[in-house]
Amino acid sequence: MVAGLAGLVLLTVLVAASLGPVATSPGTVLLVLLEPARPALDAIGLGLPVAEPAHASLVASIRLPRVLLAALTGAALACAGAVMQAVFRNPLAEPGITGVSSGAACAAVLLIVTGVAQATPWALPIGAFAGALAAVAVVQGVAGITRPGSAGTLLLVGIALNALLGAVIAAAIANAPDAEDVQRATFWLNGDLTAATWADVLLIVVPVLLGLAALLCLTRELNLMVLSEEAAAATGVNTTMVRHVGLGIAALITAACVSVTGVISFVGLVVPHLVRLVIGPDHRRLLPVSIAVGAVFLALADLGARLLFSPVVLQTGVVTAVIGAPVLLALVMRRSAAVPR
């Protein structure tokens, strides 16, 4: 299964990076991906052909960073959503529920409207990441003081913090001194991958991959917690620790992605929910499949953002919302119809 999922993600990356106003072949994209290994392949007699320079430059400098960033972000958000849905035992939970997206958005908007982001290029991702972690720390801290270990308390504190930070964001945008700053802030709030670079990919690849690996180690505990916390505790699972570790890692990888892409909605909500409907609730399969489907979904959504109304480029977050909102509505209606009256 793992090989099949990896092959699906690789195929999506090759196709997405090859399409655009100037079409290239998936083979060119593959050659660009294999370029760092050229010396080693040459040494063992497996020489690679040389890609056409103009197309190779286009793929390497513009398309591939954007597609890889989309795939990493989609994988992280989908896995984080699956974990949060298990912890809260609510299929409509998603990564932003703990305040991580609002914290990142609040910090980013404040940096944009004050001009700090324009003066210091690295201030925006670093500030957004710090804001996301600060929001998660507040939620975890307040919930720990009031009712330690309660998933419901975490949920309510997250909702309250989201409302507060949303008000701060609205006030900052309404009082921005420059109309261009308002446009930049709005653009960031909707999530976009247009200016993706290799620096952005390198910024998130380590925390995302390590975070995903750590979450995959919690599948047994998540399966037990979905049944009931009492059943999990009876088998020796420290439910409080699993909850905080799972939510903390999910928030960390979400924060890393949101800090460079902006707020991209519905991926962490819709993808794991749909995967669960197809393959069932066993997290030993649910998490890896959600990771792969999330990567494919966001890469294809970003491809649609680039090509649907070319030469006009949509924001990636707009496309995910346009797709995700009707799907969410259909899931809610299906869920309501299944409840006996």
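Predicted model: local features only at pLDDT ≥ 70, side-chain atom pairs only at ≥ 80, totals over all residues.
Residues are numbered from 1 along each chain as its sequence is written. Local features need pLDDT of at least 70, side-chain atom pairs count only at pLDDT 80 or more, and totals for chains, interfaces and linings use all residues.

**Exercise 1. Find which residues line the largest cavity, and which helix gives the most.**

Step 1. Search the whole structure. One cavity of 30 Å³ or more turns up. The largest cavity holds about 40 Å³ of space; a volume is the space filled by probe spheres set on the points, with grid points joined across faces, edges and corners.

Step 2. List the lining: Thr-98, Val-136, Val-139, Gln-140, Leu-154, Leu-247 and Ala-251. Helices here are DSSP runs (H or I, at least four residues), numbered from the N terminus. α7 gives the most, with three residues.

**Exercise 2. State how the lining of the second largest pocket divides by class.**

Step 1. A pocket is an open set of points with protein on both sides within 12 Å along at least five of seven lines. The second largest pocket has a volume of about 390 Å³.

Step 2. Its lining has 17 residues; Leu-5, Ala-6, Val-9, Ile-291 and Ala-295 lie nearest its centre. α1 supplies the largest share, six residues.

Step 3. Apply the classes: Ala, Val, Leu, Ile, Met, Phe, Trp, Tyr, Cys and Pro are nonpolar, Asp, Glu, Lys and Arg are charged, and the others, Gly among them, are polar. The lining divides into 17 nonpolar, no polar and no charged.

Step 4. Turn to the largest pocket. Its lining has 14 nonpolar, five polar and three charged residues. The volume of the largest pocket is about 550 Å³.

**Exercise 3. Describe how α1 and α2 are set to each other.**

Step 1. Take the axes, which are lines fitted to C-alpha atoms over the stretch in contact, with angles from 0 to 180 degrees between N-to-C directions. The axes of α1 (residues 2-18) and α2 (residues 26-34) come within 8 Å and cross at roughly 110 degrees.

Step 2. Classify the angle. α1 and α2 are therefore roughly perpendicular (under 35 degrees is roughly parallel, over 145 roughly antiparallel, 65 to 115 roughly perpendicular, the rest oblique).

Terms used:
Heavy atoms only, no water. 1 Å grid on protein atoms, 1.4 Å probe; cavity = no way out; pocket = protein on both sides within 12 Å on 5 of 7 lines; lining within 4 Å. Helix = DSSP H or I, 4+ residues; strand = E, 2+ residues; numbered from the N terminus.
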